[in-house]
Amino acid sequence: MRDLRTHTNSRLLAALEFDDHDSPTLVPMPLGDRRIANVRTVGLVLLVMTMSGRGRVIVTGASTGIGEATALHLRDLGFSVLAGVRRAEDVERLGDHGFTAMRLDVTVPDQIAAARAQVGNQPLVGLINNAGITRSGPLEFVSVEDMREQLEVNVIGQLAVTQAFIDGLRAGRGRIVNVGSISGVLATPMTGPYVTSKFALKRMTDVLRRELLQQGIDVVMVEPGGIKTPLMSKTTREFERVHRDGPPELALRYGAMIRTAIEHTTKIDRHTGLDPMR
Ligand SMILES: NC(=O)c1ccc[n+]([C@@H]2O[C@H](COP(=O)([O-])OP(=O)(O)OC[C@H]3O[C@@H](n4cnc5c(N)ncnc54)[C@H](OP(=O)(O)O)[C@@H]3O)[C@@H](O)[C@H]2O)c1
């Protein structure tokens with residue numbers, strides 16, 4: 001704990017310094033006081049979880065990146081991890097690593113229902129809503145379909161999964177960890193759909209936190225920035241696609257901004273991004 005504190009700020013410490021659901025610190029606080037800011041490594045996500053003791057935890061988007069690192073670390077800490085993935089081959093691969101892996105596309109109601117049935121009525125100590133995608137481009141030209149898909153995965157899917165497992169979380173006096181982003185703090189150009197989704201997720205988290213406060217379910221948001229995961233190259237490819245497939249006016253008006261955005265994601269991917277396993 002002491003080592004990790006060197007990576008935290010006061011708001012993070014405020015969020016972490018409780019482990020008793022009956023503690024007076026659980027009386028309603030101003031919005032945002034329980035949010036974790038400036039997460040430097042995914043380890044902090046895990047620290048939040050460890051405060052609840054061992055038990056059953058669901059991680060969505062566990063095939064790669066932060067989700068996979070989180071699932072591995074929680075498994076090593078002794079949690080029983082239910083890893084949600086989209087592809088059958090990932091179910092098999094993660095099964096070989098000691099997880100109970102299940103198909104869980106957060107936009108597919110049948111898969112959510114099947115995962116809920118698989119978990120049954122067992123108590124849960126955690127749900128990590130980590131699944132996410134990026135859709136990019138100048139808002140003037142972003143397709144409505146791209147925007148819908150972005151919100152469907154990053155916001156509506158998170159709510160659908162939360163609703164499905166909330167009884168288990170209530171039974172386990174569990175904790176919901178929503179994975180936000182620095183893009184829910186800073187509105188950067190060329191990432192409008194993603195920024196919109198993370199701001200929405202952040203405020204949805206705030207509401208949920210207040211609604212569940214008296215029910216023993218803690219709701220936390222982490223807001224990472226610049227972690228070296230496949231998301232960076234996926235985002236670079238998104239920028240390239242938008243630039244390539246857009247009308248000539250898009251390149252004319254926004255080409256320079258898109259190039260800057262590509263430089264940024266490439267830099268994180270190759271140089272400055274933090275290792276999610278650290
Ligand atoms: N990397 C960063 O710097 C950074 C910064 C801030 C926030 N974040 C957030 O961290 C979270 C994880 O991202 P990451 O960086 O670890 O990226 P990643 O490696 O690309 O992981 C994204 C995960 O989400 C899954 N996913 C995508 N669409 C899904 C859907 N419809 N249903 C279920 N799962 C779906 C992916 O599954 P497939 O493999 O099947 O596509 C993958 O497992 C995201 O919410 C992201 O916004 C990342």
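This note goes through the predicted model point by point, from the overall fold to single residues.

1. Overall make-up. The protein has 10 helices and 6 strands, and of its 278 residues 43% count as buried. Among contacts between residues at least 6 apart in sequence, 74% join residues at least 24 apart.

2. Strand β4 and its partners. Strand β4, residues 126–129, is covered on both faces, with Gly126 and Ile128 buried on one side and Leu127 and Asn129 buried on the other. Strand β1 (residues 56–59) runs parallel to β4 and is joined to it by 3 bridges, and within this pairing Val57 has Gly126 as its bridge partner. Strand β5 also runs parallel to β4, to which it is joined by 4 bridges; here the partner of Gly126 is Arg175. From β4 the chain passes through α7 to reach β5, and this β-α-β crossover is right-handed.

3. The ligand shell. There are 29 residues around the ligand, of which Gly61, Gly65, Ala131, Gly132 and Leu231 come nearest. The elements that contribute two or more residues to this shell are α4 (65–77), α7 and α9 (230–245). By residue class, the shell divides into 11 nonpolar, 14 polar and 4 charged residues.

4. Ala131. This residue, among those that come nearest to the ligand, lies in the loop between β4 and α7. Ala131 counts as buried because 24 other C-beta atoms lie within 10 Å, where 20 or more are required. Leaving aside residues up to four places away in sequence, Ala131 touches Thr60, Gly61, Gly67, Val106, Val153 and Gly157; Gly61 is itself one of the residues that come nearest to the ligand. The C-alpha atoms of Ala131 and Ile66, which are 65 residues apart along the chain, are separated by 9.2 Å.

5. Helix α8. An α-helix has 3.6 residues a turn, so residues three or four places apart point the same way.

6. Thr205. Located in helix α8, Thr205 is buried because it has 25 other C-beta atoms within 10 Å. Not counting residues up to four places away in sequence, Thr205 touches Asn178, Val219 and Met221. Thr205 and Asn178 are 27 residues apart along the chain, and their C-alpha atoms are separated by 7.2 Å.

7. Backbone angles to check. Which residue in the loop between α7 and β5 has a positive phi although it is not a glycine? That residue is Arg173, with a phi of about 45°, and its place is in the loop between α7 and β5. Arg173 is partly exposed, because 18 other C-beta atoms lie within 10 Å. Met190, in the loop between β5 and α8, is likewise a residue other than glycine with a positive phi, near 75°. With 24 C-beta neighbours inside 10 Å, however, Met190 counts as buried.

How values were computed:
Residues numbered from 1 in each chain as written. Predicted model: local features only at pLDDT ≥ 70, side-chain atom pairs only at ≥ 80, totals over all residues. Buried ≥ 20, exposed ≤ 12 C-beta atoms within 10 Å, placed from the backbone. Contact = placed C-beta atoms within 7 Å. Near = placed C-beta within 6 Å. Nonpolar A, V, L, I, M, F, W, Y, C, P; charged D, E, K, R; others polar. Pairing = 2+ DSSP bridges. Right-handed = clockwise from strand over helix to strand, strands pointing away.
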